[in-house]
Amino acid sequence: MNSIVTTCPKVSLSNGLQIPILGLGTSHDGGYSHDAVLYALRECGMRHIDTAKRYGCEEQLSKAVQESGVPRQDLWLTTKLWPGEYGYTSAKKACRDSCSRLGVEYLGNAQDNMV
């Protein structure tokens, strides 16, 4: 298969960082497709993955990111909090727990190393 990697347009955030305007959404509905995630990362140039603990696929995404060969610093990883995780301490713990399941040291990207 020929590899066709395109560059996705980016949008500026209020802090000046730029995030890819298109993200690969994951969901608990419809199941997780490891092959689809690998294809999106390797062949389509996808560099933004949007997930959540609720979806139950963070561990699988960790494996896909590693297998894809895409350097971590080139990826944006975003997640979501439940209302019970609001507040500084709870939110920080929830983000660190997601990082652990995703097998990464931070969310966002290398320029935005906040957690």
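The lining of the largest cavity comprises three nonpolar, two polar and four charged residues, where Ala, Val, Leu, Ile, Met, Phe, Trp, Tyr, Cys and Pro count as nonpolar, Asp, Glu, Lys and Arg as charged, and the others, Gly among them, as polar. The model is predicted, with local features requiring pLDDT of at least 70 and side-chain atom pairs pLDDT 80 or more, while totals for chains, interfaces and linings use all residues. Residues are numbered from 1 along each chain as its sequence is written, and side-chain values use heavy atoms, without hydrogens and water.

The lining is formed by K53, T79, K80, L81, E85, A94, C95, S98 and R101. The volume of this largest cavity is about 40 Å³. A cavity is a set of points on a 1 Å grid over the protein atoms alone where a 1.4 Å probe fits but cannot get out, and lining residues have an atom within 4 Å of a point.

Helix α2 (residues 58-68) takes part in two helix contacts. Axes are lines fitted to C-alpha atoms, for helices over the stretch in contact, with angles from 0 to 180 degrees between N-to-C directions, and helices are DSSP runs (H or I) of at least four residues. E58, E59, L61 and S62 of α2 meet S98, R101 and L102 of α3, contact meaning heavy atoms within 4.5 Å.

The axes of helix α1 (residues 34-42) and α2 come within 9 Å and cross at roughly 40°.

Conventions. On a 1 Å grid over the protein atoms alone, a cavity is a set of points where a 1.4 Å probe fits but cannot get out, and a pocket is an open set with protein on both sides within 12 Å along at least five of seven lines; lining residues have an atom within 4 Å of a point. Grid points are joined across faces, edges and corners, and a volume is the space filled by probe spheres set on the points.
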